[in-house]
Amino acid sequence: MSVAIAGNAPATFEIKSANLPLVALRLKSTDLDALAAELSRQYGDIPDFFDNDPLVVDLSPLPADAPGPDFVALIALLRFHRLAPLAFKGGTAQQAAAALAAGLVGAPDAATVKTATTAQQAIGQSPPAAPAEPPLAGAQLPALVIDKPLRSGQQVYARGRDLVVMAMVNAGAEVIADGHIHVYAPLRGKAIAGARGNADARIFALSLEPELISIAGIYRTTENALPPDIWGRATQVRLVAGPEGERLVMEPLSS
């Protein structure tokens, strides 16, 4: 026989489980000057890239004998770039103690999302920790479509979606997307796909003549000339994992 017993619920509050999408910074070095320089180089000209996104600092890539970073300075640096560091994971007991003293909380169960060709960004940033934002390759948001040419100094960022550009991207212009980038015209500026760590993102261009191409933080500039069979051709760019790490692979598109 079942018996129902009345309970009392607090009148002023409720405790519920909550999920928070996090960005994970996989820290590969404790050199904060170098980190600051790379953050500025990668995101300094994209002021709205981060919007006070909650962040967990992943210390696991650091060598076991490496001293911990100056967490107070690290937190200040991340806040300067509109990130909100809340927690840490991994690291040695000494590093964990320093992180706790700086106000971060331990989050050992935070897991970063991995794809078949996972690539860490140049600064060590990973895709958002679980529960993650929707997969960008099949994003719920429709692609952002740009019909007009992009001139030098112009920048377009497709946050959480793919980017489709129907006209020329001139030198000095930037196209950025969390998903794929399609340019149905000459691409002569900078193209940054998978900007938040989506290593499955790709870049497609009818005429590849870029100043810079980047996927999930792995990039190549015009300092390294593109092969003649790629330059000015219809090309796709993707990221492939290899024994020496991730690398950009450029393949001509069949006409």
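Asp51 counts as partly exposed, at 44% relative accessibility. In this predicted model, Asp51 pairs with Arg82 through a salt bridge, 2.9 Å from N to O. That bridge is one of the features grouped here, and the structure holds nine salt bridges.

**Salt bridges across the chain**

- Asp51 and Arg82 link distant parts of the chain, 31 residues apart. Asp51 sits in the loop between helix 1 and strand 2. Arg82 sits in the loop between helix 2 (71–80) and strand 3 (83–89). Arg82 is partly exposed, with a relative accessible area of 31%.
- Asp58 forms a salt bridge with Arg26, and their closest N and O atoms are 3.5 Å apart. Asp58 lies in strand 2 (residues 53–58) and Arg26 in strand 1, so this pair ties together parts 32 residues apart in sequence. Both Asp58 and Arg26 are buried.
- Glu209 and Arg188 meet through their side chains in a salt bridge of 3.0 Å, N to O. This pair also links distant parts of the chain, 21 residues apart. Glu209 is in the loop between strand 12 (203–208) and strand 13 (212–215). Arg188 is in the loop between strand 10 and strand 11 (190–193). Glu209 counts as buried, at 17% relative accessibility. Arg188 counts as partly exposed, at 32%.
- Side chains of opposite charge can pair when their charged atoms come close.

**Helix 1**

- Helix 1 has twelve residues, which at 1.5 Å a residue should span 16 Å. The end C-alpha atoms of helix 1 are 16 Å apart, in agreement with that span.
- Leu32, Leu35, Leu39, Gln42 and Tyr43 are buried in helix 1. Viewed down the helix 1 axis, the buried residues fall within an arc of 90°, so they line one face of the helix.
- Asp33 and Arg41 are exposed, on the other side of helix 1.
- An α-helix has 3.6 residues a turn, so residues three or four places apart point the same way.

**Nonpolar surface patch**

- Val145, Met166, Tyr184 and Leu206 make a nonpolar surface patch of about 370 Å².
- Tyr184 belongs to strand 10 (residues 181–187). Tyr184 is partly exposed, with a relative accessible area of 41%.

**Two loop residues**

- Leu150 lies in the loop between strand 6 (144–146) and strand 7 (155–158). Leu150 counts as buried because its relative accessibility is 6%, below the 20% cut-off.
- Beyond its neighbours within four places in sequence, Leu150 is in contact with Val156, Met168, Val169, Asn170, Ala173 and Val175.
- The C-alpha atoms of Leu150 and Gly189 are separated by 8.9 Å. Leu150 and Gly189 are 39 residues apart along the chain.
- Lys28 is found in the loop between strand 1 (22–26) and helix 1 (32–43). Lys28 is partly exposed, with a relative accessible area of 44%.
- Lys28 and Pro63 are 35 residues apart along the chain, and their C-alpha atoms are separated by 8.4 Å.

Notes
Residues numbered from 1 in each chain as written. Predicted model: local features only at pLDDT ≥ 70, side-chain atom pairs only at ≥ 80, totals over all residues. Heavy atoms only, no water. Patch = residues over 30% accessible without salt bridge, like charges linked within 9 Å, V, L, I, M, F, W, Y side chains within 5 Å. Areas by Shrake-Rupley, 256 points an atom, 1.4 Å probe, with all protein chains shown as cover. Salt bridge = Lys/Arg side-chain N within 4 Å of Asp/Glu carboxyl O. Helix = DSSP H or I, 4+ residues; strand = E, 2+ residues; numbered from the N terminus. Buried < 20%, exposed > 50% of the residue type's maximum accessible area, 1.4 Å probe, protein only. Contact = heavy atoms within 4.5 Å. Expected span 1.5 Å × (residues − 1). Arc of directions from axis to C-beta.
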